[in-house]
Amino acid sequence: MRVKICGITNLQDALDAINAGANALGFVFYTNSPRYISPLNAKEIVEKIPPFIQTVGLFVNENETFINEVCKEAKMQLAQIIDDNDILNYELLEIKFIKVIRIESKKDLKNLSKDYYLIDAFVESFGGEGKRVALEWFENIDCSKFILAGGLNSDNLKELNGFDFYGVDVSSGVEESKGKKSKQKMIDFVKEANEIK
Ligand SMILES: O=C(O)c1ccccc1N[C@@H]1O[C@H](COP(=O)(O)O)[C@@H](O)[C@H]1O
């Protein structure tokens with residue numbers, strides 16, 4: 001199971017996440033988030049992390065120019081995109097991306113293309129609130145290209161057994177306070193994620 005730990009705001013949390021076994025680190029470029037990080041601060045972290053870790057920039061309803069410029073400046077390798085109004089021209093993005101689908105019911109999982117998606121629960125604040133999706137919505141659906149997010153923590157990961165999700169994404173479930181990660185919670189989270197069958 002691949003694990004992304006989102007909302008990295010400082011180097012120590014980044015290194016603790018990597019040592020816990022995370023595959024990807026998420027940086028929130030959304031100024032209203034308590035986990036917001038400037039592109040410059042993100043770049044300074046990214047320059048100090050070891051190889052083979054993917055850096056992911058999270059964007060909320062931004063335009064192509066902004067996403068391209070921030071990803072370049074902050075050395076992101078993937079853009080995680082919330083594009084509620086479906087206005088982005090993805091062909092103009094100069095970076096690989098994954099779309100976020102924020103769901104409120106099973107019907108929101110219908111008619112998706114064959115791409116990879118990050119699936120999160122719908123919240124007004126866009127994410128990072130610990131709100132869960134109902135796992136029953138994923139029954140009888142191919143989840144092998146879905147990265148599941150929303151309210152995950154080391155105690156509830158076991159419930160994902162049997163769904164075949166591609167990966168999981170967590171923010172608040174591994175924090176000691178908003179914007180500060182807990183080393184132990186990240187260790188426990190990755191350990192449990194690796195036990196999902
Ligand atoms: O983390 C944030 O502050 C945030 C802000 C705006 C949009 C998304 C955000 N985070 C993403 O939310 C999900 C789930 O987070 P949680 O585990 O429920 O706290 C995750 O994809 C984060 O990347």
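Strands here are DSSP runs (E, at least two residues), helices are runs of H or I with at least four residues, and both are numbered from the N terminus. The model is predicted, so to speak of local features pLDDT of at least 70 is needed, side-chain atom pairs count only at pLDDT 80 or more, and totals for chains, interfaces and linings use all residues. Residues are numbered from 1 along each chain as its sequence is written, and side-chain values use heavy atoms, with hydrogens and water left out.

Eight of them form a closed barrel in the order S1-S2-S3-S4-S5-S6-S7-S8, with parallel pairing. Neighbouring strands of this sheet are turned by 30° against each other on average, direction ignored.

Now select helices H1 (residues 11-20) and H4 (residues 183-194). They pack at an angle of about 30°, with axes 8 Å apart. Axes are lines fitted to C-alpha atoms, for helices over the stretch in contact, and angles run from 0 to 180 degrees between N-to-C directions. H1 is therefore roughly parallel to H4 (angles under 35 degrees count as such). Show side chains: Asp-13, Asp-16, Ala-17 and Ala-20 in H1 meet Lys-183, Met-186, Ile-187 and Val-190 in H4, where contact means heavy atoms within 4.5 Å.

Last, select H3 (residues 64-74), which lies across S3 (54-60) and S4 (78-82) and runs at about 150° to S3.

Notes. Parallel < 35°, antiparallel > 145°, perpendicular 65-115°, else oblique. Pairing = 2+ DSSP bridges.
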